[in-house]
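Subject: Structure for you to look at

Hello,

Please find the structure below. My notes on what was found in it follow.

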Amino acid sequence: MAKVKTRLAEARDLDAVAALFDAYRQFYEMPPDLPLARRFLDGRFRRGESVILVAEDGSGTLIGFTQLYPLF
């Protein structure tokens, strides 16, 4: 069984997370729009409006993510 590692997303992960996010949107019957997914995540990431955790397999490929929105 391959090990899965979780960690905080970094700027270098944005393209891979955007692809996963776009697939998530498509699951809920939204039309594919990878540029929109990337812009949305980039905005949250740059402004510190959310925390993104990623899951990567043993080869370093991102296989999942979660996005958290901190509140006071």
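A cavity here is a set of points, on a 1 Å grid over the protein atoms alone, where a 1.4 Å probe fits but cannot get out, and lining residues have an atom within 4 Å of a point. Grid points are joined across faces, edges and corners, and a volume is the space filled by probe spheres set on the points. The largest cavity holds about 40 Å³ of space. Its lining consists of Ala-9, Glu-10, Ala-11, Asp-13, Leu-14, Val-17, Phe-45 and Ile-52. Six of the lining residues are nonpolar, none is polar and two are charged. In this count Ala, Val, Leu, Ile, Met, Phe, Trp, Tyr, Cys and Pro are nonpolar, Asp, Glu, Lys and Arg are charged, and the others, Gly among them, are polar.

Before you read on, note that this is a predicted model, in which local features need pLDDT of at least 70 and side-chain atom pairs count only at pLDDT 80 or more, while totals for chains, interfaces and linings use all residues. Residues are numbered from 1 along each chain as its sequence is written, and side-chain values use heavy atoms, with hydrogens and water left out.

Next, the core. The largest nonpolar core has 10 residues: Ala-9, Leu-14, Val-17, Ala-18, Phe-21, Ala-37, Leu-41, Ile-52, Val-54 and Leu-62. Such a core is a set of buried Ala, Val, Leu, Ile, Met, Phe, Trp, Tyr and Cys residues joined through side-chain atoms within 4.5 Å. Buried means under 20% relative accessible area, exposed means over 50%, and partly exposed lies in between (1.4 Å probe, protein chains only). At least two core residues come from each of helix H1 (14-27), helix H2 (34-47) and strand E2 (51-56). H1 gives the largest share, four residues. Helices (H or I, at least four residues) and strands (E, at least two) are DSSP runs, numbered from the N terminus.

Ile-52 belongs to this core and also lines the cavity. Which residues is Ile-52 in contact with, leaving aside its neighbours within four places in sequence? They are Arg-7, Leu-8, Ala-9, Val-17, Leu-41, Phe-65, Thr-66 and Gln-67, where contact means heavy atoms within 4.5 Å.

Now the charged residues. Side chains of opposite charge can pair when their charged atoms come close. The whole structure has 10 salt bridges, each a side-chain nitrogen of Lys or Arg within 4 Å of a carboxyl oxygen of Asp or Glu. One of them joins Glu-56 and Lys-5 (3.9 Å, N to O). Glu-56 is in strand E2 and Lys-5 in strand E1 (residues 5-8), 51 residues apart, so this pair links distant parts of the chain. Glu-56 is buried at 11% relative accessible area, whereas Lys-5 is partly exposed at 47%.

Arg-12, which is exposed at 62%, has a salt bridge to Glu-10 (2.6 Å, N to O) and another to Asp-13, with the closest N and O atoms 3.9 Å apart. Glu-10 is partly exposed at 38%, and Asp-13 is buried at 4%. A network of salt bridges links Lys-5, Arg-7, Glu-10, Arg-12, Asp-13 and Glu-56.

Last, one backbone detail. Glu-29 has a positive phi of about 65 degrees although it is not a glycine. Glu-29 is in the loop between H1 and H2 and is exposed, at 74% relative accessible area.

Regards

Conventions: On a 1 Å grid over the protein atoms alone, a cavity is a set of points where a 1.4 Å probe fits but cannot get out, and a pocket is an open set with protein on both sides within 12 Å along at least five of seven lines; lining residues have an atom within 4 Å of a point.
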